[in-house]
Amino acid sequence: MGPWRALVATPADTALTAVLALLLGWAGWGIFGWAFGRAQWLVVRANAATLMVGRYPEPQQWRLWLLLGMLVSLAGVSWGLLRGRGAWPRNDRLAVAGLGGATLVLPPLLALGAVNQLRLLLLFALLLLLRWALARWSGHPAVLRFASAWGAVWAVAYLGGLWLIAGGLGLPTVRPADWGGWMFTLLITSLTLLLALPLGVLLALGRRSELPLLRWLSVAYIELIRGAPLITLLFLGQNLVGFLVPGGLAPDRVWRAAAVLTGFAAAYLAEAVRGGLTAVPRGQMEAARSLGLSSALTIRHVLLPQALRVALPAMVGQCIALLQDTTLLSIIGLFDLLGTARSVLANPDWLGRYAEVYLVLAVLYWCSCAALSMGSRALEQRLSISRDRATVPPSTPSPTAA
Amino acid sequence: MSRDESPLMIEACGVQKWYPNGFHVLRGADLQVRRGERVVIMGPSGSGKSTFLRTFNALEDYQEGRVVVDGMVLDEDLRQIDAIRREVGMVFQQFNLFPHLSVLDNLLLAPVKVRRRPRAEVRRQALELLERVGIHAQADRFPGQLSGGQQQRVAIARALCMEPRIMLFDEPTSALDPEMVREVLDVMKQLAADGMTMVVVTHEVGFAREVADRVVLMDEGVVVEEATPTAFFGAPQQERTRRFLAQIL
């Protein structure tokens, strides 16, 4: 029975289907009618750039384009490499279609300038080109050689990019307090994740350590952080540091908030990783130790690869939660996407245009989270491909038995 | 040089161990194994035979007595323990292959990371070993794709890839379907024929009769009887051994 037939399988199912369809239709019609009738989208068009990058000074915005170009190139190469290895199983085409559709439809909707629209299209073309080229030549020895170092290239490019937009190479400084909008949300989320992941793994290992002091400290830290709401920790981070460090020396408020987010996310990630570590059978460690592997080698090559695989879904859940938690930064007065939107709405010119702005926000947040979970699903499939596929024993006769 | 004069590879004297819950699992177990000897340890479950075996590569610690393996005393010294483990291979009841690594990578991990040997060289040796245990065609597969018997043969090859001087087997066929027991025992017999020093905890009487130089019966944490297979199975000296044999034969 096909999935559609199931909708009308019994009279009760049919009735339920009809009721739900009516409700959906009514809600859809209402939103549609509002979006193309009473809604006044000028507020979004006029503030598109602000929603994207906040108060980042316009003459310096080429730096953001450069960063975006760099990230797109890196992503294209990674994508191509994964495809070449057959490691991007299902939603490859779907992702291309989604990205392509967004690149074509969103910029005109947001009334971005013609130049910017063209730039976005070119970047999308670059992404597709790299994706195709790397997949095409993925078996080439030169490609294989740099593929192994690609993770390091990502890290260097990412940190270099941060430096570039903050004011490296003698460029005018743009203080992090002037970064804003969607860019700020994505940057602070990625930076926090990058730092929190290793910290979380270390905390999880510490919690299972045989050294009592290390174990107690890890447990105390994790439980303390998990016992407090993030917003209180953020306020604490903003104010406490100010008391402890004399005025000018305290790090920028953005960095303080990033540090708090990192510490917070690390505690939750540690619990996810601990779940994964618990799932690795004891025999794995014994086998590794019996081969002479030290504890460090056992953790690195035997425990963590298996534990992280198990913990991945929970960890992605934490990453998505973290992305959404960044909205709290608007409450402590930073201009993340939500904070930027609120500053737009505070302008008397745009009084009362809440629905329009918050709908756009919802779409942007949804896209960010959907991208995260799509990527993680691809990663999960890629990781499980190797071991869970066929468990049917191949029936080759054993030469020794002969 | 006759076997009686070969150097001692394992010398365990009066080994006593209490589990953290207070259970006295080893109550003064003794065993000596010379180079090239094959010793089979039998005994009812709970007799401490696996625990005793696992003290030989320090997977289990002990509180009283002394275990000397290949001239090194197994005590609290961590460096000593890692050095011993490199020389002592172990095969487990549950195979314990690394499921996230291919068969070949299971073999390569320890020699490359611990002994720091060049990968290409170890690879050649690993493929030879896999050929010897009959898994050559599956080198790039993952453990989950192999049968139990094949997995256990890979586990043996993995231990051998470290070029150990002693091999310990902890009930290597107990978790296998009956039709796969033979392929694993055949590999072990071949290993014995090559002169490897082996200590095997097993219930396989046929293997003990055919391969062992000595058979040992353990019960309640001590060695009850120790004899050649012919004497052990034909004319056991101890009442406890007779009762045990009556149950398994």
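In which sense do strands β3 and β9 of chain B pair, and over how many bridges? Parallel, over 4 bridges, with β3 at residues 38-42 and β9 at 214-219. Strands pair if DSSP finds at least two bridges between them. Helices (H or I, at least four residues) and strands (E, at least two) are DSSP runs, numbered from the N terminus. Within this pair, Val40(B) stands opposite Val215(B).

A word on the source. This is a predicted model: local features need pLDDT of at least 70, side-chain atom pairs count only at pLDDT 80 or more, and totals for chains, interfaces and linings use all residues. Residues are numbered from 1 along each chain as written, chains are lettered from A and ligands numbered from 1 in written order, and side-chain values use heavy atoms, without hydrogens and water.

Now the whole sheet. Chain B has an open, mixed sheet of 6 strands, ordered β6-β7-β8-β3-β9-β10. Its edge strands are β6 and β10 (222-227), each pairing on one side only.

Take β6(B), residues 88-91. Val88(B) and Met90(B) point one way, Gly89(B) and Val91(B) the other, and all are buried (under 20% relative accessible area, 1.4 Å probe, protein chains only). β6(B) pairs with β7(B), residues 166-170, in the parallel sense over 4 bridges. There, Val91(B) has Phe169(B) as its bridge partner.

On to chain A. The axes of α4 (62-84) and α8 (150-166) come within 9 Å and cross at roughly 170°. Axes are lines fitted to C-alpha atoms, for helices over the stretch in contact (heavy atoms within 4.5 Å), and angles run from 0 to 180 degrees between N-to-C directions. So α4(A) and α8(A) are roughly antiparallel (over 145 degrees).

Note on methods: Buried means under 20% relative accessible area, exposed over 50%, partly exposed in between (1.4 Å probe, protein chains only). Angles under 35 degrees count as roughly parallel, over 145 as roughly antiparallel, 65 to 115 as roughly perpendicular and the rest as oblique.
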